[in-house]
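Okay, thanks for coming, everyone.

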Amino acid sequence: MNEAVQKQAFSYARIITGMLGRPGNYLSASLSDQDVKTPVIFLLISTVFYSSASLTVLKGNLILSAGILALNAFVMPLVNAVVSFFIIRLLTTGNAGFIRVYSIHAFAAGTVLLAAWIPMIIWITEPWKWILITVGYVKGCGMRYPQAIFISMITVGFIISVFQFLINIII
């Protein structure tokens, strides 16, 4: 293995260990000097694992289904981060930058993607993801828990409303 691959593998393992062990401590320590490359690569690795593992339970056109799942897994943290960032800017006076907010969403989503391929576990992984995001807002952005919970709830409500609207238009 070349040095760059070893460094990314170590970084991925470090992030997973931090997010599974003590997410608050990991996020408060790691987000201060974060660039966008680390969360993107982390999310990409988790997305590849998720879409590959999903092939074991999918039926029908496997390549198309895995591609759709991979696109969803990789893009939705960005969409959620954009919505959250605008809500944070509207409702708080904090100085959370977009890269920090995106990093929180990417690390949380990438962490739960390890289990998300298992059928029906979405009822556990999706709330877990939003709990990790809420902890990230507190530890990484300096919000108080009631404020972070409110931001997460507004974001989830907005995303669900937009998808419900789109479903009603399409169907």
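I'll go from the overall fold to the core, then the pocket, and finish with a few single residues.

Housekeeping first: this is a predicted model, so to speak, where local features need pLDDT of at least 70 and side-chain atom pairs count only at pLDDT 80 or more, while totals for chains, interfaces and linings use all residues. Residues are numbered from 1 along each chain as its sequence is written, and side-chain values use heavy atoms, with hydrogens and water left out.

The chain has seven helices and zero strands, where helices (H or I, at least four residues) and strands (E, at least two) are DSSP runs numbered from the N terminus. Read from that end, the order is simply α-α-α-α-α-α-α. The C-alpha trace spans about 50 × 50 × 25 Å along its principal axes. How does the radius of gyration fit with a compact globule? For 171 residues such a globule would come out near 16 Å, and the chain has 16 Å, so the two agree. That radius is taken over C-alpha atoms, and the globule rule is 2.2 Å times the number of residues to the power 0.38.

Now the inside. Of the 171 residues, 40% count as buried, meaning under 20% relative accessible area, with exposed being over 50% and partly exposed in between (1.4 Å probe, protein chains only). The largest nonpolar core has 37 residues, and Met19, Ile88, Val101, Phe107, Tyr137 and Met143 have the most contacts inside it. Two or more residues of this core come from each of H1 (3-21), H2 (23-30), H3 (37-54), H4, H5, H6 and H7. Which helix gives the most? That's H5, with nine residues. By a nonpolar core I mean a set of buried Ala, Val, Leu, Ile, Met, Phe, Trp, Tyr and Cys residues joined through side-chain atoms within 4.5 Å.

Have a look at H2, where the buried residues are Pro23, Gly24, Tyr26, Leu27 and Ser30. They cover an arc of only 165° around the axis, so they sit on the same side of H2; the arc is that of the directions from the helix axis to the C-beta atoms.

On to the largest pocket, which holds about 580 Å³ of space. Its lining has 19 residues, with Asn72, Met76, Ile122, Glu126 and Lys129 nearest the centre. At least two lining residues come from each of H4 (62-91), H5 (98-116), H6 (122-141) and H7 (145-170). By type, the lining is 14 nonpolar, three polar and two charged. A pocket here is an open set of points on a 1 Å grid where a 1.4 Å probe fits, with protein on both sides within 12 Å along at least five of seven lines, and lining residues have an atom within 4 Å of a point.

Last, some single residues. Val83 lies in H4 and is buried, because its relative accessible area is 12%. Met120 is in the loop between H5 and H6, and is exposed at 65%. Its phi is near 70°, a positive value in a residue other than glycine. In H7 we have Ile154, partly exposed at 33% relative accessibility.

Terms used. Grid points are joined across faces, edges and corners, and a volume is the space filled by probe spheres set on the points. Ala, Val, Leu, Ile, Met, Phe, Trp, Tyr, Cys and Pro count as nonpolar, Asp, Glu, Lys and Arg as charged, and the others, Gly among them, as polar.
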